[in-house]
Amino acid sequence: MSDNRTRKGAERSMIEDMLDRNRAALIETVRGLSEADARRRLVSSLTTPISLIKHAAGAERIWFQRFWAGLADSECDGYSRRDEGTFAVADDESLNDVIAEFERASQISRDIAAGFDLDDTKDNPCEGTVSMRWTLLAMIEEFARHAGHGDILREQIDRPIPDLWRA
């Protein structure tokens, strides 16, 4: 069985490939959902399928546009504050809109990251001194975790557990 994973070669290529695969995996958790199902709240937090994608776009902006590129909040292509606002989806935003937003933010992140070496560092007030390598790996971790959340939400939507206690 063959897939398109980068398994050898330059470290940067492998890291970037892994990050892109996790971005795609997160998007895949919402593909085909109705607008209503994408907004279904199945847990007590603000986490819904669509809000996971919205949050991921915010994470891209926070780390690449704000932190690495040094842009002000007003210069970013969308919400970029480090708070629960990254999960907020407006009523007039469709699932396709939010996916496209994440894809745009991801492309901007790729462009910004390309201007730095993996060993370049910056001081972050929350994390201390971090390298571009650390940032890319942190994004892999972030999106893999949220793709797992998305998988669970999708399973709850597509195959709800019957109420076995009601008889």
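A pocket here is, on a 1 Å grid over the protein atoms alone, an open set of points where a 1.4 Å probe fits, with protein on both sides within 12 Å along at least five of seven lines; lining residues have an atom within 4 Å of a point.

This is a predicted model, where local features need pLDDT of at least 70, side-chain atom pairs count only at pLDDT 80 or more, and totals for chains, interfaces and linings use all residues. Residues are numbered from 1 along each chain as its sequence is written, and side-chain values use heavy atoms, with hydrogens and water left out.

The largest pocket has 15 lining residues, and A59, W63, R82, M139 and E142 lie nearest its centre. Its space is about 210 Å³, taken as that filled by probe spheres set on the points, which are joined across faces, edges and corners. Helix α5 gives the most to this lining, six residues. The lining has seven charged, six nonpolar and two polar residues.

Next, α4. This helix covers residues 95-113; helices are DSSP runs of H or I, at least four residues, numbered from the N terminus. Its buried residues (under 20% relative accessible area, 1.4 Å probe, protein chains only) include V98, F102, A105 and I112. Down the axis, the buried residues of α4 fall within an arc of 155 degrees, so they line one face. That arc is taken over directions from the helix axis to the C-beta atoms. Their cover includes α1, α2, α3 and α5.

Last, T48, in the loop between α2 and α3. T48 is buried at 8% relative accessible area. Leaving out residues up to four places away in sequence, T48 touches A38, R39, R40, R41 and L153, with contact meaning heavy atoms within 4.5 Å.

Conventions. Helix = DSSP H or I, 4+ residues; strand = E, 2+ residues; numbered from the N terminus. Expected span 1.5 Å × (residues − 1). Buried < 20%, exposed > 50% of the residue type's maximum accessible area, 1.4 Å probe, protein only. Nonpolar A, V, L, I, M, F, W, Y, C, P; charged D, E, K, R; others polar.
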